[in-house]
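Good morning, and thank you for coming. I would like to walk you through one structure, beginning with a term that we shall need.

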Amino acid sequence: MDRRALLGLAALTVTAASTAAAPAIAGGGAGGGGGGGGSTSSFIRFPIVTATILRSNGQRGVLTVETGVDVPDAGLRARAEQSAPRLRAAYNTVVQQIASVMLPGAPPDVERLVTRLQAVTDSTLGRSGAHLLIGTVMVA
């Protein structure tokens, strides 16, 4: 089994899914009139976070999480952009901790993952106001 090909396929799938969903999200936000135009400029996207898991057949697998933050406040957005490396490191730590306690073959607990990632976002930035957004949570 070529694991590099599997990881490449997983990354390609996530990229294709996010690219296909982006026009639909942008089109829906602009037509709705509920502040959708302002939210796109306040969004900060982060690279995909990965962690190793144990699959039900005993082999290793990969948990991938696509993250970003929506920061409407300009001052906090500047702080979030400056703190991007710290946020990425904190997100990596949380995803690795969640992956380490997953039972083999069990789906990830997305609610717990989102709660922990939001808490880490708030503590890293020093205050609340940045809203964590999860794109895709995938086990491959």
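A residue is called buried when its relative accessible area is under 20%, and exposed when that area is over 50%. Please also keep in mind that the model before you is predicted.

Let me begin with the whole chain. The protein chain contains five helices and four strands. Read from the N terminus, the elements follow the order α-α-β-β-β-α-α-α-β. Among the 140 residues of the protein chain, 31% count as buried. Of the contacts in the protein chain with a separation of 6 or more, 68% are between residues 24 or more positions apart.

I turn now to helix α4, residues 84-100. Which residues of α4 are buried? They are Ala84, Leu87, Ala90, Tyr91, Val94, Val95, Ile98 and Ala99. These residues cover an arc of only 165 degrees around the axis, so they lie on the same side of α4. On the face turned away from that buried side, α4 carries the exposed residues Arg86 and Ser100. The cover over the buried residues of α4 includes the strands β2 (49-54), β3 (60-70) and β4 (131-139), together with the helices α3 and α5 (110-125). As for length, the 17 residues of α4 should span 24 Å at 1.5 Å a residue, and the end C-alpha atoms are 24 Å apart, which agrees.

Helix α3 comprises residues 74-82, and Leu76, Arg77 and Ala80 are buried in it. Viewed down the axis of α3, the buried residues fall within an arc of 105 degrees, so they line one face of the helix.

How do α3 and α4 meet? Their axes come within 4 Å and cross at roughly 70 degrees. Angles of 65 to 115 degrees count as roughly perpendicular, and α3 and α4 are therefore roughly perpendicular to each other. At the contact, Ala80, Glu81 and Gln82 of α3 meet Ala84, Pro85 and Leu87 of α4. Sorted by class, this contact of α3 with α4 has four nonpolar residues, one polar and one charged.

Finally, I come to Arg77, which sits in helix α3. Is Arg77 buried or exposed? Its relative accessibility is 18%, so Arg77 counts as buried. Beyond its neighbours within four places in sequence, Arg77 is in contact with Ser41, Ser42, Ile44, Val71 and Pro72. Phe43 lies 34 residues from Arg77 along the chain, and the C-alpha atoms of the two are separated by 8.7 Å.

Thank you for your attention.

Key
Residues are numbered from 1 along each chain as its sequence is written. This is a predicted model: local features need pLDDT of at least 70, side-chain atom pairs count only at pLDDT 80 or more; totals for chains, interfaces and linings use all residues. Side-chain values use heavy atoms; hydrogens and water are left out. Buried means under 20% relative accessible area, exposed over 50%, partly exposed in between (1.4 Å probe, protein chains only). Helices (H or I, at least four residues) and strands (E, at least two) are DSSP runs, numbered from the N terminus. The arc is that of the directions from the helix axis to the C-beta atoms. Axes are lines fitted to C-alpha atoms, for helices over the stretch in contact, and angles run from 0 to 180 degrees between N-to-C directions. Angles under 35 degrees count as roughly parallel, over 145 as roughly antiparallel, 65 to 115 as roughly perpendicular and the rest as oblique. Contact means heavy atoms within 4.5 Å. Ala, Val, Leu, Ile, Met, Phe, Trp, Tyr, Cys and Pro count as nonpolar, Asp, Glu, Lys and Arg as charged, and the others, Gly among them, as polar. The expected span of a helix is 1.5 Å times one less than its number of residues.
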